[in-house]
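This briefing looks at a ligand and at the pockets of the protein around it. Please have the sequence and the 3D structure at hand while reading.

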Amino acid sequence: MSRLDSFIRRLTAQKILLEDVTARLAGVEGPVLELGLGNGRTYDHIREILPDRDIYVFDRDLACHPSCIPDAEHMIFGEIRDTLAYCGPRIKGPAAFIHCDLGSGDPTMDLATSSWLSPLIDLHTAPGGYVLSGLPLDLPNFETLPKPEGIRPGRYHLYRKQG
Ligand SMILES: C[S@@+](CC[C@H](N)C(=O)[O-])C[C@H]1O[C@@H](n2cnc3c(N)ncnc32)[C@H](O)[C@@H]1O
């Protein structure tokens, strides 16, 4: 598959899955955490489809489109391994939804990321809350949910924390 086709499939999967989670979120209280602002594409989509949620965005850099810069209260700069560990008072409660888009493309780096990220995700997800991740996570307190039609196996991972 060409890199162009792969890129199109990744973005299509992100849009389908973000909208799928949004449809499930009614009744789950809490903010949304966007791990990896990047260009700001998924952040921009999340704020469009979840306009009433606080969305806290984590990244070590600011490299997004100018129209997608979160306000100072909601942009949390630094290494996510540190900032996610200590963000509790800032985000004011466990998250209804965490979206993680931190894949590096390097399998060893991605395994290391999944290993430190998984317990932090567990710590900050509300009971009944959802996690959508490009990397597989080790989340014993969560069920792995089937993905909507058309998403290739292994491309994205959808979890729900036991209520
Ligand atoms: C693939 S991009 C995110 C793309 C974004 N979802 C979008 O739609 O434009 C990943 C982002 O995560 C950030 N990132 C990756 N690992 C990180 C870490 N350990 N701490 C902080 N930021 C990290 C990178 O700086 C990069 O901006």
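A polar contact is a pair of N or O atoms within 3.5 Å; within protein, one must be able to donate a hydrogen and the other to accept it, and residues adjacent in sequence count only if both atoms are side-chain atoms. The model is predicted, so that local features need pLDDT of at least 70 and side-chain atom pairs count only at pLDDT 80 or more, while totals for chains, interfaces and linings use all residues. Residues are numbered from 1 along each chain as its sequence is written, and side-chain values use heavy atoms, with hydrogens and water left out.

**Ligand contacts**

- A nitrogen atom of the ligand has a backbone N or O atom of Ile 80 at 3.0 Å.
- An oxygen atom of the ligand lies 3.4 Å from a backbone N or O atom of Leu 37, and a polar backbone atom of Gly 38 is 3.3 Å from an oxygen atom of the ligand.
- The protein buries 82% of the 600 Å² that the ligand exposes when taken alone (accessible areas by the Shrake-Rupley method with a 1.4 Å probe).

**Shell around the ligand**

- Among the 18 residues around the ligand, those that come nearest are Asn 39, Thr 42, Asp 59, Ile 80 and Asp 101 (near means a heavy atom within 4 Å).
- This shell holds four nonpolar, six polar and eight charged residues, where Asp, Glu, Lys and Arg count as charged, Ala, Val, Leu, Ile, Met, Phe, Trp, Tyr, Cys and Pro as nonpolar, and the others, Gly among them, as polar.

**Pockets**

- The ligand sits in the largest pocket, meaning that more than half of its atoms lie within 2 Å of the pocket's grid points.
- A pocket is an open set of points, on a 1 Å grid over the protein atoms alone, where a 1.4 Å probe fits, with protein on both sides within 12 Å along at least five of seven lines, and its lining residues have an atom within 4 Å of a point.
- The largest pocket has a volume of about 610 Å³, and the second largest pocket one of about 360 Å³.
- The lining of the second largest pocket includes Arg 10, Asp 101 and Tyr 156.

Key. Points joined across faces, edges and corners; volume = space filled by probe spheres on them.
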